[in-house]
Amino acid sequence: MTTRVAVNGYNVIGRRVADAVSLQPDMELVGVAKMKPDYKARSAVEKGYRVYCGDEKGEKAFREAGIPLAGFSKDLVSQSDVVIDATPEDIGSANKRMYESLGKKAIFQGGEEHDVAGTSFVAQCNYDSAINKDFVRVVSCNTTALCRVLHSIDESFQISKANVVIARRAADPDESSKGPIDAVVLDPVSIPSHHGPDVNTVLPNFPVISMAMKIPTTHMHLHSLIVSVKGTNPTDAQVVDKLSKTPRIMLVASKKDGIKSTANVMDLARELGRPRNDVFEAVVWRDSVKVIGSEIYFFMAVHQEAIVTPENVDAIRAITNSASATDSIRMTDKSLSILAK
Ligand code: NAD
């Protein structure tokens with residue numbers, strides 16, 4: 001069976017998910033919906049994607065820009081089985097009424113609250129909870145990365161508590177009007193930040209306490225983790241071994257490979273020839289992993305633009321019940337050149 005997929009909202013996340021969907025043998029990208037006729041709309045047309053206008057007021061601007069429209073968002077949704085809603089925070093929950101009225105399944109993003117769908121999703125943690133659901137929320141980039149590593153550690157060493165400090169990229173690369181340029185902004189000042197509680201929407205069995213700040217960079221988030229375990233204290237090597245065998249976690253080394261910064265990680269993605277230099281994996285520094293007593297310490301980098309791409313593809317298969325978790329993750333990873341584990 002081929003699943004017909006609509007991508008509503010075509011920028012940072014929507015563009016990546018549209019490209020990933022178009023690579024899947026069991027999916028058809030029906031089209032993408034966009035508000036403005038900019039270079040991204042033009043490039044979508046050049047790729048052969050049908051472009052729909054997000055609202056009727058925008059039609060004239062597309063016509064004047066010479067970008068052909070296949071219709072409006074409603075038409076796109078009507079012609080599809082599943083909608084990927086990749087619109088900005090809070091627009092997704094407003095769009096839900098349209099999806100419901102047209103009887104379509106939809107996948108929302110991490111900018112929406114858990115309640116928008118009632119099921120928050122990270123494929124390797126809780127794929128089965130999304131099977132046959134009408135609505136699913138793929139959690140944010142930081143939450144996705146935390147869920148992947150914490151689920152893996154919990155499976156082998158039983159977590160009692162996790163603490164994380166997140167240095168967040170201040171803006172995405174094309175957001176030239178956003179700051180800070182020369183400051184570290186505590187965001188939020190209050191503790192915990194929303195990230196820890198958000199992990200609990202997927203992994204409810206241990207507390208996750210998070211603190212967050214914005215730093216003047218555009219390419220990656222950097223997490224400093226301290227994870228307490230209640231099983232037998234593992235060795236550094238056992239933790240590294242477990243993480244290295246877990247899907248969608250990439251281990252990098254500072255001493256062996258000279259990867260000492262997020263800039264090196266992004267450069268590695270260029271070297272690997274990844275589309276848009278995307279790093280779909282949670283990136284853990286192998287030589288940062290240190291066990292002291294019952295606490296595991298390590299650093300992790302998260303490519304905010306890319307990490308949720310495979311999760312959206314798997315969420316489509318879960319809500320249409322068209323593949324098992326293992327098969328879906330394998331198919332998605334192969335299509336995106338993510339190394340098999
Ligand atoms: P974005 O603002 O870059 O892109 C959203 C696009 O949707 C824009 O082009 C906007 O014009 C368009 N849009 C707005 N209203 C629309 C409508 N009614 N119909 C069709 N299109 C509409 O947002 P993004 O960064 O891609 O984020 C999308 C979602 O993914 C948010 O929930 C966000 O929190 C989440 N997310 C973002 C990131 C990230 O790093 N950017 C990472 C993970 C998750």
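What percentage of the 341 residues in the chain do buried residues make up? Buried residues account for 54% of the 341 residues, where buried means under 20% relative accessible area, exposed means over 50%, and partly exposed lies in between (1.4 Å probe, protein chains only).

## Basis of the model

This is a predicted model, in which local features need pLDDT of at least 70 and side-chain atom pairs count only at pLDDT 80 or more, while totals for chains, interfaces and linings use all residues. Residues are numbered from 1 along each chain as its sequence is written, and side-chain values use heavy atoms, with hydrogens and water left out.

## Overall architecture

The chain contains 13 helices and 16 strands; helices (H or I, at least four residues) and strands (E, at least two) are DSSP runs numbered from the N terminus. Along the principal axes, the C-alpha atoms fill a box of roughly 65 × 45 × 40 Å.

The radius of gyration of the chain is 20 Å, which agrees with the value near 20 Å for a compact globule of 341 residues. That radius is taken over C-alpha atoms, and the globule rule is 2.2 Å times the number of residues to the power 0.38.

Side chains of opposite charge can pair when their charged atoms come close. With a salt bridge defined as a side-chain nitrogen of Lys or Arg within 4 Å of a carboxyl oxygen of Asp or Glu, the count comes to 26 salt bridges. One of them joins Lys-47 to Asp-19, with the closest N and O atoms 3.0 Å apart. This pair links distant parts of the chain, 28 residues apart: Lys-47 is in the loop between helix H2 (39-46) and strand S3 (51-53), and Asp-19 is in helix H1 (residues 12-22). Lys-47 counts as partly exposed at 40% relative accessibility, whereas Asp-19 counts as buried at 18%.

Helix H2 also contributes Lys-40 to a pair. The salt bridge between Asp-174 and Lys-40 has its closest N and O atoms 2.9 Å apart. These two residues are 134 residues apart, Asp-174 being in the loop between strand S9 (159-169) and strand S10 (185-186). Lys-40 is buried because its relative accessibility is 8%; Asp-174, at 37%, counts as partly exposed.

## Arg-248 and its network

Arg-248 and Glu-311 meet through their side chains in a salt bridge of 3.6 Å, N to O. Here too the pair links distant parts of the chain, 63 residues apart, with Arg-248 in the loop between helix H9 (236-244) and strand S13 (249-252) and Glu-311 in helix H12 (residues 309-319). Salt bridges that share partners join Asp-26, Arg-148, Arg-248, Glu-311, Asp-314, Arg-317 and Asp-333 into one network. Both Arg-248 and Glu-311 are buried, and the relative accessible area of Arg-248 is 1%.

Most residues other than glycine have a negative phi, and most peptide bonds are trans. Arg-248 has a positive phi, near 60 degrees. Asn-132 likewise has a positive phi, near 65 degrees; Asn-132 is placed in the loop between helix H6 (123-126) and strand S8 (135-138) and is partly exposed, with a relative accessible area of 48%.

## Surface patches

Patches are made of residues with over 30% relative accessible area and no salt bridge, like charges being joined within 9 Å and nonpolar side chains (Val, Leu, Ile, Met, Phe, Trp, Tyr) within 5 Å. Accessible areas come from the Shrake-Rupley method with a 1.4 Å probe, and for residues only the protein chains shown count as cover. Val-165, Ile-191, Ile-209 and Met-211 make a nonpolar surface patch of about 310 Å². Within this group, Ile-209 lies in strand S11 (residues 208-215) and counts as partly exposed at 34% relative accessibility.

A negative surface patch is formed by Glu-89, Asp-90, Glu-113 and Asp-115. Lys and Arg count as positive and Asp and Glu as negative, with His and the chain ends not counted; the place of a charge is taken as NZ of Lys, CZ of Arg, CG of Asp or CD of Glu. Asp-115 is situated in the loop between strand S6 (105-108) and strand S7 (120-121) and is exposed, with a relative accessible area of 66%.
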